[in-house]
Amino acid sequence: MTAAGGVLLVADVAMSGEVKTSHLINGAMLGLSMSGVGSIVAGVWFVADMGTMGANYLINGEAKGLGDMIDEATGGPLVKMYDGLY
């Protein structure tokens, strides 16, 4: 699962053409997930992010997770490499 998460994270950066704060957080969670206690922390982050996304979808009609909120609060991408697909 960690390898699949890493592939998806790299694909997201490649397709968006940006490195965002949420990418760094998700990368850190992938690294933490390789240890026993870290896997619990990473699991809590995953559930909180997906739960927030689901609640926002039901309330506002848009799937906005914690990562999206953090990206908006930090003012956009940290590194803009090129115009991505989205």
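Helix 1 (2-16), helix 2 (21-32), helix 3 (36-60) and helix 4 (66-73) each contribute at least two residues to the lining of the largest pocket in this predicted model; helices are DSSP runs of H or I with at least four residues, numbered from the N terminus. The largest contribution to this lining, eight residues, comes from helix 3. The volume of the largest pocket is about 850 Å³, taken as the space filled by probe spheres set on grid points joined across faces, edges and corners. A pocket is an open set of points on a 1 Å grid over the protein atoms alone where a 1.4 Å probe fits, with protein on both sides within 12 Å along at least five of seven lines, and lining residues have an atom within 4 Å of a point. Among the 27 lining residues, Gly 5, Asn 26, Phe 46, Asp 49 and Met 50 are the closest to the pocket centre.

Helix 2 and helix 3 have axes that come within 7 Å and cross at roughly 145°, the axes being lines fitted to C-alpha atoms over the stretch in contact and the angles running from 0 to 180 degrees between N-to-C directions. At this crossing, Ile 25, Asn 26, Met 29 and Leu 32 of helix 2 meet Gly 38, Ser 39, Val 41, Ala 42 and Trp 45 of helix 3, contact meaning heavy atoms within 4.5 Å.

Residues are numbered from 1 along each chain as its sequence is written. Local features of the predicted model need pLDDT of at least 70, side-chain atom pairs count only at pLDDT 80 or more, and totals for chains, interfaces and linings use all residues, while side-chain values use heavy atoms, with hydrogens and water left out.
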